Amino acid sequence: MRTIAILGSTGSIGTQALDIISANPDEFSVAGLTAHSNIGKLKEQIDAFKPKAVAVMEREKAEVLAEEIDYAVPVLAGLAGIHSIATMQETDAVINSLVGSVGVTPTLKALDAGKRVCLANKETLVAAGDIVMQKAQQREAELLPIDSEHSAIFQCMRGVDDGEVRKLILTCSGGAFRDKSIGEMRSLTAKDALMHPTWKMGSKITIDSATLMNKGFEVIEAHHLFGMAYDAIEVVKHPQSIIHSLIELNDNAVLAQLGWPDMRIPIQYALSYPDRIPSSARPFSLIDVKQLTFGEIDAKRFPCLGYALLAGKAGGTMPAVLNAANEVAVHAFLNDEISFPDISRMVKEALDSHTLIRRPDIDEILEVDMRVKNEVRNTISEQ
Ligand SMILES: NC(=O)c1ccc[n+]([C@@H]2O[C@H](COP(=O)([O-])OP(=O)(O)OC[C@H]3O[C@@H](n4cnc5c(N)ncnc54)[C@H](OP(=O)(O)O)[C@@H]3O)[C@@H](O)[C@H]2O)c1
């Protein structure tokens with residue numbers, strides 16, 4: 001029996017993780033849950049899973065929840081509360097399914113406490129990849145990917161020796177605007193961008209998928225998780241999202257992992273690893289798939305992918321700047337405050353005006369994150 005804490009249990013990944021836990025009561029149980037502000041959903045989860053403690057980021061909401069619940073469970077508040085859930089003594093594994101750079105310190109705390117971290121929060125490795133990987137290594141803690149592309153690579157890597165992998169190939173659906181021209185993109189709204197063609201996800205990652213910043217983040221994550229040089233990571237458009245990613249070996253053999261676009265498979269694998277247990281996900285059928293197609297990414301229409309690669313290669317604080325500017329710009333786009341092309345423009349401006357710190361410590365990364373977010377917010381409110 002593995003005892004699990006879920007940071008961001010009320011979100012898309014968090015609720016799917018709870019579905020897996022409730023379908024496998026002999027394998028997994030819940031120790032702790034966290035939400036930002038959705039205390040209605042958190043209350044339902046408390047009733048269903050009886051965690052030992054929960055945390056709510058918004059302090060006032062934490063107080064309201066504490067008054068409302070019948071089941072006696074400590075309700076912690078703020079980031080300190082999330083850190084407490086990330087490090088609970090009775091927990092074996094922590095799913096980090098928070099959205100945004102707020103996920104960085106909970107990941108570090110959980111690794112420091114020696115927990116298995118099942119990582120969905122991609123901003124963790126984008127903003128602080130070197131520090132996070134170093135922490136996992138120092139503490140000999142497992143850091144397992146939930147992202148479907150990285151889970152695919154992780155699964156393909158089993159049984160492959162270090163040094164045998166020549167290239168990682170990340171597949172990319174192309175996002176909601178994959179067939180739109182630059183001209184059309186100017187007038188598209190958040191509502192349009194939220195219609196992802198193959199995956200159903202939280203709003204931030206769905207916009208990141210439309211700009212392809214999400215794929216840029218994934219290249220940075222893959223660089224850290226698998227220790228591959230940026231030039232050995234390729235991105236290929238694959239609209240059906242059936243092949244989740246591939247690895248190319250020294251002898252030109254290529255291994256791939258396939259399945260329907262269903263996050264329950266990679267989430268469950270991170271929880272059950274190294275075992276595989278039955279899943280309620282729909283069984284796969286090549287006959288039903290019929291056709292798989294591939295193509296090149298049009299870098300001109302999706303500049304965010306290029307900015308992410310530049311930031312990743314520059315290293316130091318640059319990926320944290322990329323992430324911070326993107327977080328604020330995406331938030332503003334979701335609120336209809338800026339246009340779709342403004343997202344990439346703001347990210348570029350933030351990168352261009354940043355003075356790189358080559359080997360930042362975690363305080364410097366968090367300081368840069370906060371400063372860039374404030375700067376981009378000011379730019380948006382002034383325009
Ligand atoms: N969804 C997917 O299929 C998928 C696939 C691969 C990777 N990911 C990555 O996984 C992460 C989560 O994605 P998601 O789609 O599950 O997001 P989501 O549906 O928006 O859920 C985010 C969760 O984090 C909480 N949260 C949001 N902002 C917070 C803050 N400032 N402080 C504390 N908690 C906060 C939310 O609480 P409330 O509900 O109270 O707001 C919610 O529980 C992201 O990094 C995403 O890129 C997602």
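Author: Two rings of Phe, Tyr or Trp (its six-membered ring) pair if their centres lie within 6.5 Å; planes under 30 degrees apart count as stacked, over 60 as edge-to-face and the rest as tilted. This is a predicted model, in which local features need pLDDT of at least 70 and side-chain atom pairs count only at pLDDT 80 or more, while totals for chains, interfaces and linings use all residues. Residues are numbered from 1 along each chain as its sequence is written, and side-chain values use heavy atoms, with hydrogens and water left out.

Reader: Which residues do ring pairs link into a cluster?

Author: A pair of aromatic rings is described by the distance of the centres and the angle of the planes. Here ring pairs join F154, Y269 and Y273 into a cluster. The structure holds 6 aromatic pairs; one of them, Y269 with Y273, is edge-to-face, at 5.7 Å centre to centre and 75° between the planes.

Reader: Are Y269 and Y273 buried or exposed?

Author: Buried means under 20% relative accessible area, exposed over 50%, and partly exposed in between (1.4 Å probe, protein chains only). Both Y269 and Y273 are buried.

Reader: Why is helix 10 largely enclosed by the rest of the structure?

Author: Helices (H or I, at least four residues) and strands (E, at least two) are DSSP runs, numbered from the N terminus. Helix 10 (residues 203-211) is largely enclosed because 7 of its 9 residues are buried, among them K204, I207 and D208. Just after helix 10, L212 takes a positive phi of about 70°.
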